[in-house]
Amino acid sequence: MLFHIFNINKMTKTKVDLSSISNFNSTTTLTKNDQNQLSTQVSVESNLDQPYNPYDHRTLQHPNTYTGALIHILKGSLGSGLLAVPRAFMSAGLLVGVIGTMVVGFICTYAIHLLVMASKRVCTDLKIGSLGFAETAEAVFIHGPDQLKKFSQVARLFVEISLTMTHFVGNAVYVVFISESIAKLVGFYHPPALYWGQYFKLVILFLLIIFCQIRELKHLVPFSFIANVTMTLALVITGYYMIKELTHVEIKERKLATDIYGIPTFFTTVLFAMEGIGTIMPVENSMVEDRFTGCPGVLNTAMTSVVAFYTIIGFCGYFAYGDKTAATITINLPDDEILAQSVQALISLGIFFTFMLQYYVPIDITWRRMQPYVPEGKENLVQVIWRTLTVSFIVGIAAAAGDKLGPLIDVMGAIFFSTLGIFIPAALDIVLYWKTWGRFYWILLSDFCLMGVFVFGLTAGTYYAVLNFMI
């Protein structure tokens, strides 16, 4: 999950026609602090005798370097979900948690690799500079077997719906996160406020309806800066309290492994925290050098760092607080110390502004679908109504979850991130290599293994999330 501005694909509506590549062009806009616009256009006079390299056909105002792309991937995977990882270790145990985090990290990295390689292959075959996530899905199906070409628009729509719902429900997690943090902060001075979570959500709803009317991503840059600063401060102070608590605990007081029933919760929580596939294609599309994949490519370097960081935080968090570890580690901080109380305020402010930034992604996707059907001159009114309705929908999900932050995180990981980050890349890989699945069908078998992980996360993760909701 993120506490920064998402790198966002704004794709022009294009239809991929294999018989008329010369008419195909793709324009991608990435708006962020240090990058304005990416435009990829294909020249029909390209030398067809030379291997086509998509990176040579990207015209960028401010291309990302290796270091810049690395920082963006790290920012995309290191966010507020980091605070939930100690709970995952509590579910699995210290030893299983360390090994499991590495396994989940490998699965996420491999799935992202499949997506990026699929995009690069269809870009090469269709002689296009770059494609976004949804465009890649559409192009893969058009590039696939004849019987699947008719599902290309369905594939694109499925990805867009998955991205939209992932961000909507992810923002609902944020609302619960904020309300619980405020309740803990105010509750120390006025104990009844500990049970005012739903009332705090109403206040949050009112504020979000106002702030989410901001429509230009560039106007959200100051809020991105505030979110980054406040989240960083909160994480540093939280780390201080964890280290302080570690000095009073011995390892024999903690479990190295729990029973098998804790694995689904562990998997879905870590997946929720670590998965950042929605930002991958915009970052990859912002590079003009083929250094995103490979070793030491941007992806492998970033994800290795992410896995190491999550392992350390998860281990130390559970080691410090044991079976009392909360859904977010900040809830375990002392109630009566000003420094710890400041974390609740900082985390609430940072996540509030993160909501605004993440909200831009689904509202951009849905508005581009709606805009052609909006009467001329009514765009502003419809935008206001649509933004109000969608924010209310998100807060409604949060209100339905109550104070069950942990189970809501599990649902996010089990249903949405497993679909977006595991199922879709595996499905695209199967379609892309339909006639060339490799010796002994190793490509198909590896994709089926990913599908198995997806089914496990979806079924077992959802089942135990529902059980935890009922407790």
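Reader: Which residues does Gly-297 touch, not counting residues up to four places away in sequence?

Author: Gly-297 touches Tyr-66, Arg-291 and Phe-292, where contact means heavy atoms within 4.5 Å. One word on the background: this is a predicted model, in which local features need pLDDT of at least 70, side-chain atom pairs count only at pLDDT 80 or more, and totals for chains, interfaces and linings use all residues. Residues are numbered from 1 along each chain as its sequence is written, and side-chain values use heavy atoms, with hydrogens and water left out.

Reader: Where is Gly-297, and what makes it buried?

Author: Gly-297 sits in the loop between α9 (280-285) and α10. Buried means under 20% relative accessible area, exposed over 50%, and partly exposed in between (1.4 Å probe, protein chains only). Gly-297 has a relative accessible area of 2%, so it is buried.

Reader: Why is Lys-324 called exposed?

Author: Lys-324 counts as exposed because its relative accessibility is 71%. Lys-324 lies in the loop between α10 and α11 (338-370). The C-alpha atoms of Lys-324 and Met-90 are separated by 8.7 Å, although these residues are 234 apart along the chain.

Reader: How many helices and strands does the protein have?

Author: The protein has 14 helices and 3 strands. Helices (H or I, at least four residues) and strands (E, at least two) are DSSP runs, numbered from the N terminus. Of the 471 residues of the protein, 57% count as buried.

Reader: What makes helix α2 largely enclosed by the rest of the structure?

Author: Helix α2 (residues 85-92) has 7 of its 8 residues buried, so it is largely enclosed by the rest of the structure. Those buried residues are Val-85, Pro-86, Arg-87, Ala-88, Phe-89, Ser-91 and Ala-92. They pack against α3, α8 (263-274), α10, α13 and α14. After α2 comes Gly-93, whose phi is positive, near 100°.

Reader: Why is α7 called oblique to α10?

Author: The axes of helix α7 (residues 221-246) and helix α10 (residues 298-321) come within 8 Å and cross at roughly 55°. That angle makes α7 oblique to α10. Angles under 35 degrees count as roughly parallel, over 145 as roughly antiparallel, 65 to 115 as roughly perpendicular and the rest as oblique. The axes are lines fitted to C-alpha atoms, for helices over the stretch in contact, and angles run from 0 to 180 degrees between N-to-C directions.

Reader: Which residues of α7 and α10 meet?

Author: Tyr-241, Met-242, Glu-245 and Leu-246 in α7 meet Ile-313, Cys-316, Gly-317, Phe-319, Ala-320 and Tyr-321 in α10.

Reader: How do you know that α3 and α13 are oblique to each other?

Author: The axes of helix α3 (residues 94-126) and α13 come within 9 Å and cross at roughly 40°. The two helices are therefore oblique to each other. On the α3 side, the contact includes Ile-107, Ala-111 and Leu-114, while Gly-421, Ile-422 and Pro-425 are among the residues from α13.

Reader: What makes the pair of Phe-168 and Phe-393 edge-to-face?

Author: Rings of Phe, Tyr and Trp (its six-membered ring) pair if their centres lie within 6.5 Å; planes under 30 degrees apart count as stacked, over 60 as edge-to-face and the rest as tilted. By this rule there are 19 aromatic pairs. Phe-168 and Phe-393 are 6.0 Å centre to centre with 70° between the planes, an edge-to-face pair. Phe-168 lies in helix α5 (residues 152-189) and Phe-393 in helix α12 (residues 379-401), so the pair ties together parts 225 residues apart in sequence. Phe-168 counts as buried at 5% relative accessibility, whereas Phe-393 counts as partly exposed at 41%.

Reader: And why is the pair of Phe-423 and Phe-454 called tilted?

Author: Their ring centres are 4.9 Å apart and their planes are at 35°, so the pair of Phe-423 and Phe-454 is tilted. Phe-423 is in helix α13 (residues 405-432) and Phe-454 in helix α14 (residues 442-470), 31 residues apart. At 25% relative accessibility Phe-423 counts as partly exposed, and at 11% Phe-454 counts as buried.
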